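Subject: Structure handover

Hello,

Here is the structure for you to take over. My notes on the sheet and on some of the helices follow below.

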Amino acid sequence: MKILVVNVNTSQSMSDVIDEAAKRAASAGTEIVTLTPFFGAEAVDCNFESYISAVAVMDRVLAYDEPFDAVVMAGFGEHGRDGLQELIEQPVIEICEASAHMAMMIGRSYSVVTTLQRSVPPIEDRLRLSGLSDRCASVRANGMSTLEVDQDPTGAMRSIVEEARKAVEQDHAEVICLGCAGMAGLEDAITSELGVPVIDGVAAAVRFAEAVVGLGLKTSKVSTYAKPDAKRIIGWPLSEALGLKPRSVGPALRVGGRR
């Protein structure tokens, strides 16, 4: 089984953190291939950057010209998952939803600790749209940007622990979800400090992807996630149009049509 794990940011150091977390979570026999988009923000912190990232992630997956079984989107509540589900048949697992699903399996309520306050509403929206918000006690921000989390993991851990402590003591969360792929690897330190389960979204998504693929399931194409109708789309794939990508993609996917 091969799982593509796509960093929604263009930071290579963050891709390395995500790659390590994904491989640590993967079962024996699962191959992890971590991809970094050809364009976009080095760290996604707002809607503008998230929408660019959505295009970049779809572009990057289509540019991968070898077989794969599933995709993990390593961005917490980022845009684009639905579009990618339309383009490919393989299951697409997004780490925000994977974290929330797993949290509700092991606790009555959960909280998310993310980066900046401006990231809180998009995460709340994603959880609401996915039907996962009823048991979310809170979404808290540690006040550090995604780039700062990447550059200062020690400081990030201190601030995440502090917000997680408030979530447990004030919001009555029983499980903590790390609300940024760049926070991967902090689970054990936070659990030992607070005594509650901590979920890294990358690890949760990899395990869910293994389960879905293992059951022989793929994305439903009956309606919502059916392939786009064949039509001419100017400048797509974007990386090829801009000369950023060295390889070509299949002709059907160029026009959004059937394989």
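Two strands pair if DSSP finds at least two bridges between them. Helices (H or I, at least four residues) and strands (E, at least two) are DSSP runs, numbered from the N terminus. This is a predicted model, in which local features need pLDDT of at least 70 and side-chain atom pairs count only at pLDDT 80 or more, while totals for chains, interfaces and linings use all residues. Residues are numbered from 1 along each chain as its sequence is written, and side-chain values use heavy atoms, with hydrogens and water left out.

The sheet

Strand E1 (residues 2–7) pairs with strand E3 (residues 70–74) in the parallel sense, over 5 bridges. Val 6 stands opposite Met 73 in E3. The open sheet has 4 strands in the order E2-E1-E3-E4, with parallel pairing. E2 (31–35) and E4 (92–94) are at the edges with a single partner strand each, so one side of each has no neighbour in the sheet.

The helices

The axes of H7 (residues 153–169) and H8 (residues 187–194) come within 10 Å and cross at roughly 45°. Axes here are lines fitted to C-alpha atoms, for helices over the stretch in contact, and angles run from 0 to 180 degrees between N-to-C directions. H7 and H8 are therefore oblique to each other; angles under 35 degrees count as roughly parallel, over 145 as roughly antiparallel, 65 to 115 as roughly perpendicular and the rest as oblique. Contact (heavy atoms within 4.5 Å) is made by residues including Met 157 and Ile 160 of H7 and Ala 189 and Leu 194 of H8.

Regards
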